[in-house]
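Student: I would like to learn how to read the features of a protein model step by step. Could we begin with the way two chains meet?

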Amino acid sequence: MYKIVRKEVLNPVVKLMDIEVPRVAKSAKPGQFVIIRIYDKGERIPLTIADYDPEKGTVTIVFQEVGKSTKLLGTLNEGDYILDFVGPLGNTMEVPKDAKKILGVGGGVGIPALYPKLKMLHQEGYKVEAILGGRSEEYVIFKKEMEAVCDKVHYATDDGTLGKKGFVTDVLKEVLENDKEVDYVITVGPVIMMKNVCKMTKEYNIPTIVSMNPLMVDGTGMCGACRIEVGGETKFVCMDGPIFDGHLVNFDLAMTRLNMFKKQEKVSLELYEQHHGGDHHGR
Amino acid sequence: MAVKDRVPMKEQDPKERRKNFNEVALGYTEEEAIAEASRCIQCPKPTCVAGCPVHVRIPEFIKAITKREFEEAYKIIKSTNSLPAVCGRVCPQEEQCEKNCVLNKIGKPIAIGRLERFVADYALQNNIEEEVKPEKKNKKVAIIGGGAAGLTCAGDLLKMGYDVTIFEALHALGGVLTYGIPEFRLPKRIVEAEIERLKKLGAKVETNVVVGRTVTIDQLMEEEGFEAVFVGTGAGLPKLMDIPGKNLNGVYSANEFLTRINLMKAYKFPEYDTPIVVGKRVAVIGGGNVAMDAARSALRLDGVEEVTVVYRRSKEEMPARAEEIEHAIEEGIKFEFLANPIRINGTEDGWVKSMDVIRMELGEPDSSGRRRPIEIPGSEFTIEVDTVIMALGTSPNNLIPSTTKDIEIQKWGGIIADETGKTSKPGVFAGGDAVTGAATVILAMGAGKQAAKAIDEYLRNKK
């Protein structure tokens with residue numbers, strides 16, 4: 001059992017939790033993920049680590065309420081417990097020592113997943129900038145945290161309420177045109193966003209890494225549910241990733257595989273909402 | 001009296017059981033067990049014991065059954081076998097103890113496995129516990145992996161008085177017993193009962209710890225005071241056939257398919273949250289026990305009408321236990337022998353639609369001693385399927401070797417350990433599938449037992 005020691009509502013669909021899990025907090029590194037199971041009939045869901053504090057023994061997770069499990073998680077409060085919490089899983093990222101300026105591109109809950117990576121690079125003395133995007137200002141989370149570890153943060157929103165009106169790739173194009181110092185890109189977000197970012201950075205010939213978040217079951221290499229194709233080879237995200245060379249990832253396959261259980265996920269959510277009277281807005 | 005026929009064991013009717021996950025074999029009654037036990041001629045030099053990887057004192061426990069001393073029989077078995085209710089169900093007895101039975105010369109061997117199961121179930125039902133009160137040794141041993149090897153090693157070390165902690169990566173102990181072998185062959189309450197006994201013996205358990213990631217072996221030894229470590233982390237990553245379409249939606253490794261069903265209870269979706277998707281027609285590729293488990297599990301899922309096992313050799317070469325194959329046939333599983341998939345075809349939106357298969361013939365024996373399957377040119381044909389499950393074995397996980405100082409591995413990736421389990425790193429022992437590659441529950445248990453002995457010796461001699 002793992003205690004929720006802090007909960008924060010970041011926007012109508014995204015919540016943050018600090019979980020007490022000393023072993024994981026002690027070993028976690030940027031880029032790694034965890035798998036949680038909320039209760040005894042629950043599924044195992046992977047979440048990228050958003051932050052960690054070895055002193056306090058806590059790991060921060062940020063999740064968007066999209067299906068039954070994440071909605072159920074959202075109803076839990078400080079002082080409640082999660083049944084299972086395992087990690088840190090996956091590899092950490094490696095950035096070339098001589099990178100001049102690193103650009104992080106994040107969208108949705110990819111932003112908190114991107115955060116510990118940029119934070120570490122900033123601490124190591126790299127020049128770091130970020131482009132963050134979302135539907136509207138409200139949906140661009142972790143702004144304060146990101147601004148604290150980046151030399152500059154650019155924004156893009158669908159409705160123009162924050163930064164440029166448009167997609168992160170629109171801002172990315174401007175940055176890559178005007179700032180020739182950027183020589184490394186890290187992108188985390190919806191698969192379609194990472195695909196478009198990688199397409200663009202490839203045109204500019206800038207090495208780009210992505211963090212994949214496929215469906216998983218065990219997360220320890222035993223089942224192969226998380227497989228994707230990288231450079232034509234099958235890779236297990238839980239063992240070989242989650243960080244990969246974005247120019248080699250088959251994003252279309254990754255998107256198709258994310259849909260494998262869509263129908264069942266819908267059934268599960270509908271049943272849950274029937275029994276729980278729909279929306280829980282938490283606190 | 002020995003010539004009498006073997007007492008048959010009742011089973012669920014194939015027509016019924018093919019649509020439920022309840023146990024297929026129903027076990028002996030007391031009278032049936034006594035009748036079967038009475039067939040044993042009590043050889044003065046029993047050959048059956050030599051066939052058992054954990055050397056169960058077979059004639060002695062069988063004799064106790066004939067005298068209706070079931071509790072005594074249990075104690076005899078338990079003195080060398082820590083998981084009898086499991087072994088009585090899933091051991092390949094026909095390859096081991098029963099193969100060596102002298103009655104083979106005149107008829108069927110004694111049903112040793114069924115008798116073991118009877119005794120173990122009797123003990124579970126009647127809450128018979130072994131009384132072990134070992135003198136506490138103040139030495140900590142870490143067991144990495146709560147599967148058959150680890151649980152056995154832990155059990156033996158606890159009985160010797162060691163302070164044992166089992167580290168398990170998943171949320172539940174049992175390894176293959178929990179996530180791999182289906183409920184209808186090994187009910188999970190049996191596995192849970194055996195685990196409860198270990199806890200009563202004093203086993204500490206930390207689930208959700210992936211050694212190599214959450215903590216390393218070096219940290220356990222240097223920072224947490226573990227003086228010896230047993231690595232029983234299992235067989236590793238599932239192998240997938242390298243054919244076009246292998247990553248289409250609807251293609252599973254047997255490990256994923258079985259883990260969803262057994263560990264996550266996807267067959268009870270939506271009561272349980274983990275889903276599983278299967279179409280009307282399922283193909284299982286492979287010929288081992290895992291393939292049989294996957295095929296029979298698939299058949300039991302809602303909406304499945306036809307399950308076909310596709311195997312590149314013929315029935316005779318199948319590595320699965322004869323009993324599993326028979327059960328599968330009784331339940332209506334189809335077999336496509338001498339056939340090898342060459343391509344999985346998908347729909348426009350990325351789902352399995354059909355599978356192209358090529359006919360094989362058997363040539364000269366290969367390194368495994370089995371005749372090598374060879375493609376017959378021009379013999380391709382297509383089978384319509386919606387779901388494909390690949391049960392082709394595993395390849396080692398390098399997480400432990402790559403994160404532990406001084407552990408040497410074989411070329412193929414398995415951890416190098418001698419017959420006692422000793423690895424190249426002092427204080428670290430290993431056994432089971434992590435050392436041998438995928439094998440059986442009982443061999444893993446045998447290795448766990450050996451290692452417990454070696455760990456005891458190591459810690460006694462260590463200053």
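Tutor: A salt bridge is a side-chain nitrogen of Lys or Arg within 4 Å of a carboxyl oxygen of Asp or Glu. This is a predicted model, in which local features need pLDDT of at least 70 and side-chain atom pairs count only at pLDDT 80 or more, while totals for chains, interfaces and linings use all residues. Residues are numbered from 1 along each chain as its sequence is written, chains are lettered from A and ligands numbered from 1 in the order in which they are written, and side-chain values use heavy atoms, with hydrogens and water left out.

Student: How many salt bridges does the rule find across the interface of chain A and chain B?

Tutor: The rule finds five salt bridges across the interface of chain A and chain B. One of the salt bridges in the model links B:Asp273 with A:Lys68, whose closest N and O atoms are 2.7 Å apart.

Student: What is the area buried between chain A and chain B?

Tutor: The size of an interface is often given as the accessible area lost when the parts come together. Buried area is the accessible area (1.4 Å probe) that two parts lose on being put together, summed over both. Here about 3900 Å² is buried between chain A and chain B, and carbon and sulfur atoms give 54% of this. On the side of chain A, 20% of the area buried against chain B comes from A:Arg23, A:Met222 and A:Met260, more than from any other three residues.

Student: How should I read the sheet in chain B, and which strands stand at its edges?

Tutor: Strands of a sheet pair through backbone hydrogen bonds, either parallel or antiparallel. Strands (E, at least two residues) are DSSP runs numbered from the N terminus, and two of them pair if DSSP finds at least two bridges between them. In chain B, five strands form an open sheet in the order E5-E4-E3-E6-E18, with parallel pairing. Strand E5 (204–206) and strand E18 (428–430) of chain B are at the edges with a single partner strand each, so one side of each is left without a neighbour in the sheet.

Student: How many bridges join strand E6 of chain B to E18(B)?

Tutor: Three bridges join strand E6 (residues 226–231) of chain B to E18(B), and the two run parallel. The bridge partner of B:Phe230 in E18(B) is B:Phe429.

Student: How many disulfides are there over all chains?

Tutor: A disulfide is a pair of cysteine sulfur atoms within 2.5 Å, and by this rule the count over all chains is zero. For A:Cys223, the nearest cysteine sulfur, that of A:Cys226, is 6.3 Å away.

Note on methods
Helix = DSSP H or I, 4+ residues; strand = E, 2+ residues; numbered from the N terminus.
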